Amino acid sequence: MLSVNRTAMPVVRELIDRRDELGVAVAELENGATCIDCGVHVAGSYRAGALFVETCLAGLATAAITMGRVADVPVPFLHLTVSRPALACLGSQKAGWVLKAGGYSAMASGPARALSLKPKNTYKMLGYRDASEIGILALEADTLPDEEVTGFIAEKCGIEPENLYVLVAPTRSLIGSVQISGRVVTATLHKLEERGYDVLRISHAAGRSPIGPIKRTGIEAMGMTNDCNIYYGSVSLVAEGYDPVFATLPSQTSPDYGRPFARVLKDAGYDFLKVDSLLAFSPAEVAVNDSKSGEVHHFGSLNADVLLESFGVL
């Protein structure tokens, strides 16, 4: 069976080998674990951000960055093509592990989730478990993990710490912005998963989302980066047969639609779990190609006004 940790390893190796030009830092901890700083104490780069996204998607995707426009404003865009979408997105990239070890906490995503089975119901649905002796995890956090944290991760994954690779990017960093835009397809599949749709019927997926500017605080960055997907993220799926659930995928179906996500999050007491999932895990628009009939169904639309407000464009 394909190993998501092994397919991601060549991407991680590129990050390590090109650390200086990519603007990342690599450290081997005393327990042998490898920590790759992607924005805590370093500047990062757009290419490193694309590699971060490809790592989270288990090496089963390509991520490319080009220039585009939101209304009249020039903005970089992340473009994704994903193979094995259910496995790459839900079995790897989904932030399905709320990591807590000692006083350290982070949202964890990436291939090592398939070793720890976080969460179990996702892997039961996929019928998948990785048996790799190598583990790769990506953390959305403002600080780097120590030996206690990496030891905890390795134990949960059933591997030795020296075989663990941890990538860390704060939300309010360049790579943090890129990696959240890189979740536009995964958010869509997660929404389908939550609604009971058989995501294994999705054979191909692609997405595009603008990359938000770097913000001063994590809260500002969390709101703005989610707005990139909510108000300007585009997703294309190839599905085996049409399902009415596809019409519910765009963010326009949420009663909270039309407000910057930071404002919605504030009203929810900054508890992400209290935010309407119709908004939080939704792209702006979705096109679904029914491979049985050949028809293409399009739902939703782009909203430049709210996104530029969220960016803080003057």
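His204 stands opposite Val238 in strand S10. This residue pair belongs to a predicted model. The strands involved are S9, residues 202–210, and S10, residues 234–239, and they pair in the antiparallel sense over six bridges. Strands of a sheet pair through backbone hydrogen bonds, either parallel or antiparallel.

S9 and S10 are part of an open sheet of six strands, in the order S3-S4-S9-S10-S11-S12. The pairing in this sheet is mixed. At the edges stand S3 and strand S12 (296–300). Each of these edge strands has a single partner strand, so one side of each is left without a neighbour in the sheet. From one strand to the next, the twist averages 15°. Helix H10, residues 218–232, packs on the sheet and touches S3, S4, S9 and S10. The direction of H10 makes about 115° with that of S9.

Strand S8 covers residues 164–169. Six of its six residues are buried, so S8 is largely enclosed by the rest of the structure. The side chains can be sorted by direction: Leu164, Val166 and Val168 point one way from the strand, while Tyr165, Leu167 and Ala169 point the other way. Both sets are buried.

S8 pairs with strand S2 (residues 34–37) in the parallel sense, over four bridges. Within this pairing, Thr34 stands opposite Tyr165 of S8. S8 also runs parallel to strand S7 (residues 135–140), and six bridges join the two. Here Leu139 has Val168 of S8 as its bridge partner. Together with helix H7 (residues 147–157), S7 and S8 make a right-handed β-α-β unit.

## Two packed helices

Two packed helices are described by the angle between their axes and the distance between the axes. Helix H3 (residues 46–56) and helix H8 (residues 174–181) pack at an angle of about 40°, and their axes are 8 Å apart. H3 and H8 are therefore oblique to each other. The crossing of H3 past H8 is right-handed.

Which residues make the contact between H3 and H8? On H3 they are Tyr46, Ala48, Gly49, Ala50, Phe52 and Val53. On H8 they are Leu174, Ile175, Val178 and Gln179.

## Backbone exceptions in loops

Most residues other than glycine have a negative phi, and most peptide bonds are trans. A cis peptide bond joins Lys118 and Pro119, with omega about -10°. Pro119 lies in the loop between helix H5 (113–116) and helix H6 (120–126).

Ala71 is not a glycine, but its phi is positive, near 55°. The residue is found in the loop between strand S3 (61–70) and strand S4 (73–83). Ala71 is partly exposed, with a relative accessible area of 45%. Tyr270 also has a positive phi, of about 60°, although it is not a glycine. Its loop lies between helix H11 (261–267) and helix H12 (277–280). Is Tyr270 buried or partly exposed? With a relative accessible area of 44%, Tyr270 is partly exposed.

Methods: Residues numbered from 1 in each chain as written. Predicted model: local features only at pLDDT ≥ 70, side-chain atom pairs only at ≥ 80, totals over all residues. Heavy atoms only, no water. Buried < 20%, exposed > 50% of the residue type's maximum accessible area, 1.4 Å probe, protein only. Pairing = 2+ DSSP bridges. Right-handed = clockwise from strand over helix to strand, strands pointing away. Axes fitted to C-alpha atoms, helices over the stretch in contact; angles between N-to-C directions. Parallel < 35°, antiparallel > 145°, perpendicular 65-115°, else oblique. Left-handed = near helix turned anticlockwise from the far one by under 90°. Contact = heavy atoms within 4.5 Å.
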